[in-house]
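Student: I have a structure to go through today. Could we work through it together, one topic at a time?
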Amino acid sequence: NFPYLPKTLLFLAKHNFAAVRKHLAPPAATRDADAESLLDFARLEFATGRTNEARAYYERAIKASDYEYARLFNVWNTGWGLSDVLTLGLGREAAGDRARAARYLEELSAYLDKLERNGQVWHGLHYLRADVRAMQGRLDEAFAELEKAQRLGWHRSWWPQFDPSLASIRSDPRFSTWLRSVNASNEPLRARVLSAEPALQVSLN
């Protein structure tokens, strides 16, 4: 993966959209990017509302020599609440191919169900299921899955604010209520990090 992607995510978390768009690599710099990186770029472009740029990266990804659909069903990424299959769904929706987008969502949903039946349950799994349900228009179920994700330890309150898969539910009052609850649960953790910063600075000097 491209090393500057984490920095781009930091800009996004800080709501610095100008920096995100400036930092996203121009096409010439990604000539040799692998499929996974191209899908990362597409997801970030969707998150910042640049649909045309996102579609361009998406189309390049699925034509890349190392693109393999089966590899996108990744247990590690699922645990973190990430899935490139969602990006494929967003790409097909943007292209007007709703039938194929729906199939991607159904296949991801079946994969998540299988993991859960096998006892592999994490906050990321329920967060991804919320993504799927939101894209399917099943909003009540999406909020129920977000609440499950929080109960299991979901703390990343910044990403849902930009996650393109959750676009359909962000205007719902339940979303802001849920987000406030996640932020409130993060306060003890934030206080511990801030209290440790002076000691960390001393150890680094």
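Predicted model: local features only at pLDDT ≥ 70, side-chain atom pairs only at ≥ 80, totals over all residues.

Student: What span should helix α8 have, and how far apart are its end C-alpha atoms?

Tutor: Helix α8 covers residues 123-135, and at 1.5 Å a residue its 13 residues should span 18 Å. The C-alpha atoms at its ends lie 19 Å apart, which agrees with that expectation.

Student: And which residue just after α8 takes a positive phi?

Tutor: That residue is Gly137, whose phi is about 80°.

Student: Now salt bridges. How many are there in the whole structure?

Tutor: A search of the whole structure gives 14 salt bridges. One of them joins Arg133 and Glu141, with the closest N and O atoms 3.1 Å apart.

Student: Are those two residues buried or exposed, or something in between?

Tutor: Arg133 has a relative accessible area of 9%, so it is buried. Glu141, at 34%, is partly exposed. There is also a network in which salt bridges with shared partners connect Asp113, Glu116, Arg129, Glu145 and Lys148.

Student: Next, Asp40. Where is it?

Tutor: Asp40 lies in helix α3, which runs over residues 35-47.

Student: Which side chain does Asp40 meet in a salt bridge?

Tutor: Its partner is Arg43, and the N to O distance is 2.6 Å. The two side chains are also joined by a polar contact of 2.6 Å.

Student: Why are Arg43 and Asp40 separated by about one helical turn?

Tutor: The reason is their spacing: Arg43 and Asp40 are three residues apart in helix α3, and therefore about one helical turn separates them. As a general point, an α-helix has 3.6 residues a turn, so residues three or four places apart point the same way.

Student: Why does Asp40 count as buried?

Tutor: Asp40 counts as buried because its relative accessibility is 11%, and buried means under 20%. Arg43 is likewise buried, with a relative accessible area of 15%.

Student: What about Glu59? Which side chain does it meet in a salt bridge?

Tutor: Glu59 meets Arg92, at 3.6 Å from N to O. This pair links distant parts of the chain, for Glu59 is in helix α4 (residues 51-63), Arg92 is in helix α6 (residues 84-94), and the two are 33 residues apart.

Student: How accessible are Glu59 and Arg92?

Tutor: Glu59 is partly exposed, having a relative accessible area of 25%. Arg92 is buried, with a value of 17%.

Student: Changing topic: which residues make the nonpolar surface patch of about 380 Å²?

Tutor: Trp76, Trp80 and Leu82 make that patch. Among them, Trp80 is found in the loop between α5 (75-79) and α6. At 44% relative accessibility, Trp80 counts as partly exposed.

Student: How far apart are Ala18 and Thr48 in sequence and in space?

Tutor: In sequence, Ala18 and Thr48 are 30 residues apart. In space, their C-alpha atoms are 9.7 Å apart.

Conventions. Residues numbered from 1 in each chain as written. Heavy atoms only, no water. Helix = DSSP H or I, 4+ residues; strand = E, 2+ residues; numbered from the N terminus. Polar contact = N/O pair within 3.5 Å; in protein donor to acceptor, adjacent residues only side chain to side chain. Salt bridge = Lys/Arg side-chain N within 4 Å of Asp/Glu carboxyl O. Buried < 20%, exposed > 50% of the residue type's maximum accessible area, 1.4 Å probe, protein only. Expected span 1.5 Å × (residues − 1). Patch = residues over 30% accessible without salt bridge, like charges linked within 9 Å, V, L, I, M, F, W, Y side chains within 5 Å. Areas by Shrake-Rupley, 256 points an atom, 1.4 Å probe, with all protein chains shown as cover.
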